[in-house]
Amino acid sequence: MHSLDAIFKPRSIAVIGATARRGSIGREILNNLFANEFNGKIFPVNPKYEYIHSTKAYPSVASIPDPVDLAVIVVPAAQVLGVVEECAHKGVRGLVVITAGFREIGPEGARLEDAVIEVTTRHGMRMIGPNCMGVIDATPGVRMNATFSPGVPPSGTVAFMTQSGALGVAILLAVQKLGLGFSYFASVGNKADIGAMDLLEYWENDPHTQLIAMYLESFGDPRRFTEMSKRISKTKPIVVVKSGTSAAGARAASSHTGSLAGLEMASEALLQQCGVNRVSSIEEMIHVVQGFVGAPIPSGNRLCIVTNAGGPAIMAVDAADGHGLQVAALSEKTRAAMRAVLPAEASVENPVDMIAGAGPDQYERVLDLALADDQVDLAIAIFVPPLMIEPLEVIRRITRVGRAHGKPVYTVLMAEESYYERIPREVPDSVPIFRFPEDAVKVAEHTNNYRLWRARPVGKVQTFAVDAARVRSLVEAKGNAGGGYLAPADVHAVLQAYGFPTVGQTVIPIDGDLAASARGLAFPLALKVAGEKIVHKSDVGGVILGIRDEKALLAARDTMRASLAKAGVLSHATGLLVQEMAGVSGKEVILGIAQDPKFGPLLMFGMGGRYVEILRDVAFRVLPVTDIDAHDMVRGIRSYPLLEGVRGEPRVDVAFLEELILRLAQLVDEIPGIEELDMNPVIVTPDRASCRVVDARIRVSAPA
């Protein structure tokens, strides 16, 4: 047996804190257990009652003569610890703690929660909550509704987890109206024990669950979430609403990568790597769940739109443009057959506009022809009901045709409110119904993206021959010295040790012998200021390029000193970095690392140079980063066509770019203590032999 079976598949349940008082949480939970016809024993526990709900009540869980698998606890917070200890001695294996007043209220509540967890861990118990609204197992053999929600959806194939109890109630009410069925529902509250990863693992191989939906405020262990959801999403769609990702979550940072890597970027990167269908709202989540449950996954992205109104069809085409969907080109054979069943005023181009008088017969016959066309992978049927046509019959015909062809069909019904309530009752097997064209197109985009994800290779984490010991010693030494930016010579050594292409360089004191330093280097040269406190050197005149000879080099130092003094940072300059120019023309990109307190290392790739923070044309990934992730990162930025070559320009060595991303992932994975890293710009050309890292900074954290 799985440890979560004690929560979701109990043979007996004690409701501790059950009451006969209408409106109380204890009574509503007890009532829902009976109303849902739980397939097991129910024991109300409250010393004030002899009977509750016509069922014998017990003064304590210890007084129940039978074994108890699950205890649903609804007593005041101050009594919870004692009740949990009593449950442990009774041999109860699962707990659902509805009671609030724990970690969410501050330090005192956190201490109480920790004490409860100590007891459950010591006795091998599993717990949902505290501060939650309960759980549902709607599978046929259990039929358990241990929540206080007024709305309960029918049994189905969707497993849903929420961190918010209030949103959980709203979602249950919404899906009940749509007739969507759940296999499981879990409100996890404070996630003191059971969280998202536990539920993903539990539902992964559950035969009653075809789709997993989640409302998340945090991931718990992001790396474990990544690895687990990558695996599960290959067989079961995962739909996630992720909150808490506003710009306010971004933190101050001194590197380009750090300043661009806010909480939203981290969340988006993680979910994109996992094949998770990320949605922006509860409403969109319900739409996407409808699409996955009510229709098959498309085999391609070629969309046909069948409509009786031109305006909504145009809106659908506009929504599809640029979202991975292609308006299908219908064959002449299909269009000829459509002309034979439609009036002359109709248009058989895609979108197929059957005009306002189209009724059930036209929708059935035209949609049948569209789905039979080999150039069509999925369809959207848009129906704006005129007074003389019954919408439910049109929905029945659309559903019949869609089911017969096995291709996804989404219907846009722009009708009066009563029909949305009638359809789940009168056409219970209907194809997914949406109110507006944009909603249907968005669902089509999600299902098509999921098709692409399932076909995407798993990828592998690559490693290269490097000198990790050398880099580890440099980083550890800097960390033990209090952390901060590595000296330019040490940065150069780190890059060389991990196989990044560098330019010749030397570092001297700010008043050192510039002429002597340049003798080992080839002109033209670049002169850059060195100093831990001078982060963006070009902003203060700390970078001079294209120095052609020794005389110009000496003049450049004088110019730089004046600029640094004017900017008030001359005292922060610890030296000068003299570098060979890359000597080739190419594209400037940036590679970087930033540490996120929740997600760990974030890798960034994008178009580089001075304006990286203005253009913000970057892509992020969290560890582990595979060769497929690197491939997608390079192609995921808006400026990727520039790397491919435009207007006669040659294509840069994209494969080498992917290798550099993988080398960077290996570096941050093998060397702890790197807080931030920027390589900007990295000059990339058609020939990897001439690619160069022109500038780089590495900041090391002090040991914790």
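Me: Where's the place of Pro 681?
Reply: Pro 681 is in strand E29, residues 674-684. Strands are DSSP runs of E with at least two residues, helices are runs of H or I with at least four, and both are numbered from the N terminus. Residues are numbered from 1 along each chain as its sequence is written. Keep in mind that this is a predicted model, where local features need pLDDT of at least 70, side-chain atom pairs count only at pLDDT 80 or more, and totals for chains, interfaces and linings use all residues, while side-chain values use heavy atoms, with hydrogens and water left out.

Me: OK, and is the peptide bond from Asn 680 to Pro 681 cis or trans?
Reply: That bond is cis, and its omega is near 0°. A cis peptide bond also joins Asn 350 and Pro 351, with omega of about 10°.

Me: Where does Pro 351 lie, then?
Reply: In a loop: Pro 351 comes between helix H12 (332-341) and strand E17 (352-353).

Me: New topic. What's the phi of Ser 54?
Reply: Positive, at about 60°, although Ser 54 isn't a glycine. You'll find Ser 54 in the loop between strand E3 (51-52) and strand E4 (55-56).

Me: Now sheets! What's the order in the open sheet of 5 strands?
Reply: The order runs E2-E1-E5-E6-E7, and the pairing is parallel. Two strands pair if DSSP finds at least two bridges between them.

Me: Which are the edge strands?
Reply: Strand E2 (41-45) and strand E7 (126-128), each pairing on one side only. From one strand to the next, the twist averages 20°. Such angles run from 0 to 180 degrees between N-to-C directions, using axes that are lines fitted to C-alpha atoms, for helices over the stretch in contact.

Me: What packs on that sheet?
Reply: Helix H3 (residues 77-90) does, touching strand E1 (12-16), strand E5 (70-73) and E6. Contact here means heavy atoms within 4.5 Å. The direction of H3 makes about 170° with that of E5.

Me: How many bridges between E6 and E7?
Reply: Strand E6 (residues 94-97) and E7 pair over 3 bridges, in the parallel sense. In that region, Gly 94 stands opposite Arg 126 of E7.

Me: And how many strands form the open sheet with mixed pairing?
Reply: That sheet has 7 strands, in the order E9-E8-E11-E10-E12-E13-E14. Its edge strands are E9 (144-147) and E14, which each pair on one side only. Neighbouring strands are turned by 15° against each other on average, direction ignored.

Me: How does E10 pair with E11?
Reply: In the parallel sense, over 6 bridges, with E11 covering residues 182-187. Within E11, Met 161 has Ala 186 as its bridge partner, and Ala 159 has Tyr 184.

Me: And with E12?
Reply: E10 and E12 (residues 211-216) pair in the parallel sense too, over 5 bridges. The partner of Ala 159 in E12 is Ile 212.

Me: What do E10, H5 and E11 make?
Reply: A right-handed β-α-β unit. Right-handed means that, with the strands pointing away from the viewer, the path from the first strand over the helix to the second runs clockwise.

Me: What lines the largest cavity?
Reply: Its lining includes Val 158, Phe 160, Ile 171, Leu 180 and Met 285. The elements that give two or more residues are strand E10 (155-162), helix H5 (165-178) and helix H10 (282-294). H10 gives the most, with 3 residues. A cavity is a set of points, on a 1 Å grid over the protein atoms alone, where a 1.4 Å probe fits but cannot get out; a pocket is an open set with protein on both sides within 12 Å along at least five of seven lines, and lining residues have an atom within 4 Å of a point.

Me: What's its volume?
Reply: About 40 Å³. Volume is the space filled by probe spheres set on the grid points, which are joined across faces, edges and corners.

Me: How do the lining residues of that cavity divide?
Reply: There are 10 nonpolar, no polar and no charged residues. Ala, Val, Leu, Ile, Met, Phe, Trp, Tyr, Cys and Pro count as nonpolar, Asp, Glu, Lys and Arg as charged, and the others, Gly among them, as polar.

Me: Last one: how much space lies in the largest pocket?
Reply: About 990 Å³. The pocket is lined by 32 residues, and Glu 268, Gln 272, Gln 273, Asn 449 and Arg 621 lie nearest its centre. By class, the lining has 12 nonpolar, 8 polar and 12 charged residues. H16 supplies the largest share of this lining, 7 residues.
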